[in-house]
Amino acid sequence: MTERYAVTTIEENPALATEVAEVVRSAWPTFMRLDAIAGKYWSELDHAFPELQIAVTDAQSGEVVASAHAVPLSWNAPLADLPENGWDWALAKAFGDLEDGLPPNLVCGLEVSIAQGCRGKGLGALVMQTMKSAAKNRRAAGLVVPARPSLKSRYPLAAMASYVRWRNADGLPFDPWLRVHARQNGSIAHVCDHAMRIEGTVAQWEEWTAMRFPESGDYVVPDALVPVTIDCDSDRGVYVEPGVWVIYPSP
Ligand SMILES: CC(C)(COP(=O)(O)OP(=O)(O)OC[C@H]1O[C@@H](n2cnc3c(N)ncnc32)[C@H](O)[C@@H]1OP(=O)(O)O)[C@@H](O)C(=O)NCCC(=O)NCCS
């Protein structure tokens, strides 16, 4: 596996940043890129924490086949207390900690993307092993991930707390991405019901989803983990994405 692929950080090779951004762009639905916290901080990650922005390249072609983004956090409470607003909280807190000079003691994974056509080849596991090593090398007390279960969008009406408990016959999680975590010894801590908040006008949501929202109500939208709430009177659409905290104490 590692002979076929090379793992590099943006600190080691800043020239990979553009290709990494393209892998992320094509892996995620448009509306997720419009999270307000992401809008404020995402473009600063490579500059602030280049050692935790990861590219996996095909060793022969040099092409980027997977990416991972992570941040350092200062956290002195039990991991069981990681907050409800998981992803948004982690990204904003990393930059707040940096500004306040707080020494980090955790690594928090923010995203993993595998290029289309390269999925199902074990790259997800390779990326998680890389994040665990990064946390270990920094002597962090743990690696934590406000994970986005990859198949939840097919079950948008199921409660996340139930969905993460669904199991296959072999006892592993039903969700493919949670299976990757389980095999890497990550354990599900608790659901974070407000991991991301994405707001826009009705016209923006119509553009992002290629749908029409003729009246107020909750709508099932492609690639969203739960329905989007549209309010035509106030011209707002709100999507609050749930996630699940996966923890790797002392990786
Ligand atoms: C989810 C994702 C990271 C998994 O990575 P991967 O490299 O394909 O993972 P693996 O090869 O280890 O496969 C893990 C499992 O997912 C399954 N899988 C892979 N691609 C799949 C797909 N498109 N649909 C359904 N299952 C899929 C594999 O068959 C495997 O199942 P198994 O446990 O029964 O063997 C990758 O598919 C992806 O980038 N998805 C889009 C972004 C995303 O959802 N990121 C995760 C949240 S941060």
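The legends below describe close-up views of a predicted model. Residues are numbered from 1 along each chain as its sequence is written, and side-chain values use heavy atoms, with hydrogens and water left out. Because the model is predicted, local features need pLDDT of at least 70 and side-chain atom pairs count only at pLDDT 80 or more, whereas totals for chains, interfaces and linings use all residues.

**View 1. The shell around the ligand.** The ligand is surrounded by 18 residues, a residue being near if one of its heavy atoms lies within 4 Å. Helix H7 (176–183) supplies the largest share, five residues, while strand E4 (106–114) and helix H5 (123–137) each supply at least two; helices (H or I, at least four residues) and strands (E, at least two) are DSSP runs, numbered from the N terminus.

**View 2. Atom pairs at the ligand.** A backbone N or O atom of Gly 120 lies 2.7 Å from an oxygen atom of the ligand, and for a backbone N or O atom of Gly 122 the distance to a ligand oxygen is 2.6 Å. Arg 179 places a polar side-chain atom 2.6 Å from an oxygen atom of the ligand.

**View 3. Strand E4 and its partners.** Val 107 is the bridge partner of Pro 72 and stands opposite Leu 143 in E5.

How values were computed
Polar contact = N/O pair within 3.5 Å; in protein donor to acceptor, adjacent residues only side chain to side chain. Pairing = 2+ DSSP bridges.
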